[in-house]
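Dear colleague,

Please find below the structure I am handing over to you. My notes on it come after the sequence and coordinates.

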Amino acid sequence: MPLGIFCLIAAITVLSIFAIERGEAQRDEAQLNARSVAIASALERRANASSAYLRAGAALLSTMDEVPADDFRRFVSELRLDADYRGAEGIGWAKVVTPSQVEEFNAEAAELGVGSYELYPQPDGSQPYSIPVTYLQPDTERNRRALGFDMFSEPTRRAAMQEAERSARPTATDKIVLRQEGSGGSPGFLVYMPVFEASAGGRALKGFIYSPFNATDFLQSALALEDVGAFGVELYDGEPDPQSLLASTFAANADMDGLQQVRQNLTIANNPWVLVTSSRAAPGLSGLSMATLIFGLLVAALLMLLVRMLTQQAQEDEASLAWFEEQASIRNSLTRELNHRVKNTLANVLSIIALTRRRADKVEDFANSLDGRIRALSATHDLLTQSDWGSTPVEAVLEAELLPYAHGADRRVEMTGPAVELAPNDALSLGLAIHELATNAAKYGALSQSEGTVSINWKLVDPTTVRVEWLERGGPPVSQERTRGFGTDLIERIVAHELRHPVELDFDPEGVRCVLMIPVRRATEFMIRAGRDKPAAFHEDS
């Protein structure tokens, strides 16, 4: 009972801690979800602000026949880009250049005075036109690296421009490396807005106004609006995968195991992205959980000690009562077992007396025959008493019955076989049968002459049956004309009935042969020996 009370209080404490920790986890998950939504909104606001500037620029440039460098520079400077446009590398213009206009484009680029550049890579005739970077403001050394680059020649940029032309709305590219970064630079993306010829119904493509973005700068500009706090943020171009990672606030060698993550889908300039916000749970239990655990264990321990003191005396009294009940049960079991054994023995004696009486002509013969058979029962009973009426070896039963014949210079008895244990009743039946066979052999068979031998062999024919064979040789020839005696009746009726197997008894001229099939029963303990270290006994069915 004390242990049960301790376990009950401990279980209540554990459940309370589980509820507290679950509430803490739900609160952390709600905070993580809220922060993820806020960061995604900040990113979309940044992208929408950039798209708004590009839409305004496209509307203006579509009304102009040509886009002079000074006018484009003035347009960008008059936009007065505020903090909402942070994260972008600037705003650029890329016009459509057909193969016949490449030389003209190169000549105009040479006249701009911003360094020598030409359209590259040179058109190979596989595309209808080129869309090189014509202007890129602000005019910095970094941005000048991109001037002249034919963006239409690169598949990722070309796909985004074609989608922007088709939808007539700002469209972001997939993950790329900006020309400003050079080879091996950090990931970025471009947002294109198509500019159409106003005189051609608004559908003849004139070029693209666009903005290049460094993905890390773009993410940091959004996080400036929404403090990331202790959370980690990763931005992916499509499904989360190391190959699609655009930007991350984690260090390059950061441990990513054990993170709680929330995934947020967002659209940046007509391009689906995924934002993954992560947090790491604090190790161990929270403060409230630790206080609950300590308090619960203290209460459980105090109650356990109190109940232990109250129940100790009751346990001692219960142990005394159990001892008295056990003694009474042992006495009852002994009485029932003794009654069972006595009944079996008396039944065997009565059967022997009845058969002996029918076969005896004189009182003296009756007494001698009865004396020998009772002694055979007594010898086997002695074996069973020595084993505490447990299992008895086949060899011990044979030795007890054949002791008068197994010694001496003129008689021989050979016994061979494995160690097999018999149940008490089966050992009694075997002893009676061997006694009758030995008596007959001593009077009329192999043991009546000095050169005669008796061999007894036994073996297991299966796990539940042992086969015992009695074979006489070297004695006088067995008469084939004889009267049926008591020994034959005893073996073929009483012993066969007790063993529940027929007996093979052959009176061959060379000597008597008898085969007994004896059951080998599974050993179990008697009720009075339950829980004690005593020899095992057998179930008895008789």
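Predicted model: local features only at pLDDT ≥ 70, side-chain atom pairs only at ≥ 80, totals over all residues.

Residues are numbered from 1 along each chain as its sequence is written, and side-chain values use heavy atoms, with hydrogens and water left out.

Overall make-up

The protein has eleven helices and 18 strands; these are DSSP runs numbered from the N terminus, helices being H or I with at least four residues and strands E with at least two. Of its 542 residues, 43% are buried (buried means under 20% relative accessible area, exposed over 50%, and partly exposed in between, with a 1.4 Å probe and protein chains only). Among contacts between residues at least 6 apart in sequence, 67% join residues at least 24 apart, a contact being heavy atoms within 4.5 Å.

Nonpolar cores

The largest nonpolar core has 40 residues, of which Leu-43, Phe-72, Ile-209 and Ile-268 touch the most other members. Such a core is a set of buried Ala, Val, Leu, Ile, Met, Phe, Trp, Tyr and Cys residues joined through side-chain atoms within 4.5 Å. Helix 1 (residues 2–61) gives the most to this core, namely nine residues. A second, separate core has 35 residues, including Ala-433, Val-454, Val-478 and Val-495.

Not counting residues up to four places away in sequence, Ile-268 touches Leu-43, Glu-44, Ala-47, Ala-172, Phe-189, Phe-218 and Trp-273.

Gly-57 also lies in helix 1 and is buried, with a relative accessible area of 0%. Leaving aside neighbours within four places in sequence, Gly-57 is in contact with Phe-75 and Ile-209. Gly-57 and Val-76 are 19 residues apart in sequence, and their C-alpha atoms are 8.5 Å apart in space.

An open sheet is formed by four strands in the order 7-6-9-8, with antiparallel pairing; two strands pair if DSSP finds at least two bridges between them. Strand 7 (245–248) and strand 8 (259–268) stand at the edges with a single partner strand each, so one side of each is left without a neighbour in the sheet. From one strand to the next the twist averages 20°; axes are lines fitted to C-alpha atoms, for helices over the stretch in contact, and angles run from 0 to 180 degrees between N-to-C directions.

Within this sheet, strand 6 (residues 232–236) and strand 9 (residues 271–280) pair in the antiparallel sense over five bridges. Glu-234 has Val-276 in strand 9 as its bridge partner. Helix 1 lies across strand 6, strand 8 and strand 9, and runs at about 25° to strand 8.

Strand 5 (residues 204–214) is mostly covered, with ten of its eleven residues buried. Strand 5 is joined to strand 1 (residues 91–95) by four bridges, and the two run antiparallel; here Ala-94 has Phe-208 as its bridge partner. Ten bridges join strand 5 to strand 4 (residues 188–197), again antiparallel, and Leu-190 is bridged to Pro-212.

Helix 9 and helix 10

The axes of helix 9 (residues 394–402) and helix 10 (residues 424–443) come within 9 Å and cross at roughly 35°. The crossing is right-handed, the term for a near helix turned clockwise from the far one by less than a right angle, with left-handed for anticlockwise. From helix 9, Val-394, Val-397, Leu-398, Glu-401 and Leu-402 meet Ala-427, Leu-430, Gly-431, Ile-434, His-435 and Ala-438 of helix 10. Eight of the residues in this contact are nonpolar, two polar and one charged (Ala, Val, Leu, Ile, Met, Phe, Trp, Tyr, Cys and Pro count as nonpolar, Asp, Glu, Lys and Arg as charged, and the others, Gly among them, as polar).

Backbone features

The peptide bond from Tyr-120 to Pro-121 is cis, with omega near -10°; Pro-121 lies in the loop between helix 3 (102–111) and strand 2 (135–137). A cis peptide bond also joins Gln-137 and Pro-138, with omega about 5°, and Pro-138 is in the loop between strand 2 and helix 4 (141–144).

In the loop between strand 8 and strand 9, Ala-269 has a positive phi near 50° and is buried, at 10% relative accessible area. Asn-270, in that loop as well, has a positive phi of about 70° although it is not a glycine; at 28% relative accessibility, Asn-270 counts as partly exposed.

With kind regards
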